[in-house]
Amino acid sequence: MRKLKASEVAGLRSEWLAKQGGRCALCMDIIGPTEQAVLDHDHATGHVRGVLHAGCNAMLGHIENNRPRYLLKGARLGRMLRAAFDYIHGEYSGNPLHHTHRTVEEKRLLVNKRARLKRAKAKKAEQ
């Protein structure tokens, strides 16, 4: 098995990105010229897997590195990832709002309240 030299990474990344049609191997979106493309590798084996957006690579790293912490062993991680899209994009508008969620109106009122308090504090400091 050949190990890449640091000086070879940029060339391999460009070559593989071209083979991938300029797309991220994970999300399949185009990796634009202003976006950072990274050469992803399996941290357990060291094998290069593909070229990803930097954000996709970071998210994948969070998932893989936290598998033991969240008990996502064996097939459980695969089942969770397959179900995640439908779960996130499900229709929940008929369900109650979580107690910590602030509506747009509540956020507006809070911003106004903070602005009033700041103005009052500034006015008091002037006196």
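Analyst: Two strands count as paired if DSSP finds at least two bridges between them, and strands themselves are DSSP E runs of at least two residues, with helices being H or I runs of at least four, numbered from the N terminus. This is a predicted model, where local features need pLDDT of at least 70, side-chain atom pairs count only at pLDDT 80 or more, and totals for chains, interfaces and linings use all residues. Residues are numbered from 1 along each chain as its sequence is written, and side-chain values use heavy atoms, leaving out hydrogens and water.

User: OK, which residue in strand 2 is the bridge partner of His41?

Analyst: Val48. Strand 1 (residues 37-41) and strand 2 (residues 48-53) run antiparallel, joined by five bridges.

User: And what's between the strands in that hairpin?

Analyst: Six residues, and Gly46 takes a positive phi near 85°.

User: How many residues of strand 1 are buried?

Analyst: Four of its five, with buried meaning under 20% relative accessible area, exposed over 50% and partly exposed in between (1.4 Å probe, protein chains only).

User: Switching topic: what does Leu52 touch?

Analyst: Taking contact as heavy atoms within 4.5 Å, and not counting residues up to four places away in sequence, its contacts include Cys24, Ile31, Val38 and Leu60.

User: Last one, where is Tyr92?

Analyst: Tyr92 is in the loop between helix 3 (75-88) and helix 4 (104-126).
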